[in-house]
Amino acid sequence: METVRCDGSNICYSDQGKGEVIVLLHGFCGSAEYWEKVIPELSGNYRVIAPDLRGHGASEAPLGAYRIEQMADDVLSLLNKLEISEVILLGHSLGGYITLSFAQRHASRLKGFGLIHSTGYADSEEAKEKRLKSVSTIQNDGITAFVDGLVPGLFAPETAETTPHLVERTKEIGYKTPPQGAAGVALAMRERPDRRDVISASELPILLVAGGKDGLIPAERTFTSDKKNVTQATIAGAGHMSLYEAPEQLAAIIREFAEAAARR
């Protein structure tokens, strides 16, 4: 992992491979390590950059509420520091919210973008209340207790039962999340606007990936557009974590999308 200073905050990132650049943004209480099974499948043909987002992993975790726009600007600052002009930007869950903010304001820096188990919808009122409960749990019970409650539900029930080591690995990554970072990001997700219009209005190649057994973000909340520039893909047996549940299948979907985007 390497570190750069982005808008007054240290951001750590992984940078592997050569060629066209794919940037992978992880989900809530994850880190660049979330992509550890996917990056080796891509880095033989692409330069793959995966940052620890603000408040996560080894990146800086300032106190207070964050904003999704701020986290997207961290990504922009990272690209500027690395002198990279255009990328394919793909975000898992939280990373998808950041991807949409980036695409809305910095589309000229993109060859394409995508959501993996993510959505353009804003939080419902019920979901906003759950965000506040998450912050309370993190502050009162600690990050370990919060991650222990969060992670099992990210996987398809069959996966959690038959491959518990994947659940445990995801927890291990989550335990490294600074508590103030997790709380700050939960509040950022709570306040994010609806960005379905970013998907419907963009002419860029767009990838939308859903898990057939995702209990957090069902396919209908991911597949909000079927325009000709939008590629929809469902990973049938996966929950919210195809990065671990079906990494080879996810990587194949990404490769095919990236190849098509590069030809435009």
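Angles of 65 to 115 degrees between axes count as roughly perpendicular, and in this predicted model helices H2 and H3 pack at an angle of about 70°, with their axes 8 Å apart. H2 and H3 are therefore roughly perpendicular to each other. On the H2 side, the contact is formed by Ile68, Glu69, Met71, Ala72, Asp73, Val75, Leu76 and Leu79, whereas H3, which spans residues 94-105, contributes Leu94, Tyr97, Ile98, Ser101, Phe102 and Arg105. Sorted by class, the residues joining H2 with H3 comprise ten that are nonpolar, one that is polar and three that are charged.

Helix H2 itself covers residues 68-81, and its 14 residues reach 20 Å from the first C-alpha to the last, close to the 20 Å expected at 1.5 Å a residue. The helix is mostly covered, with ten of its 14 residues buried; these are Ile68, Glu69, Met71, Ala72, Asp74, Val75, Leu76, Ser77, Leu78 and Leu79. Following H2 is Glu83, which has a positive phi, near 55°.

Cys29 is accordingly in no disulfide, and the nearest cysteine sulfur, which belongs to Cys12, is 17 Å away. Burial was assigned under a cut-off of 20% relative accessible area: Cys12 counts as buried because its relative accessibility is 8%, and Cys29 counts as buried because its relative accessibility is 2%.

Technical notes: Residues numbered from 1 in each chain as written. Predicted model: local features only at pLDDT ≥ 70, side-chain atom pairs only at ≥ 80, totals over all residues. Heavy atoms only, no water. Buried < 20%, exposed > 50% of the residue type's maximum accessible area, 1.4 Å probe, protein only. Disulfide = S-S within 2.5 Å. Helix = DSSP H or I, 4+ residues; strand = E, 2+ residues; numbered from the N terminus. Expected span 1.5 Å × (residues − 1). Axes fitted to C-alpha atoms, helices over the stretch in contact; angles between N-to-C directions. Parallel < 35°, antiparallel > 145°, perpendicular 65-115°, else oblique. Contact = heavy atoms within 4.5 Å. Nonpolar A, V, L, I, M, F, W, Y, C, P; charged D, E, K, R; others polar.
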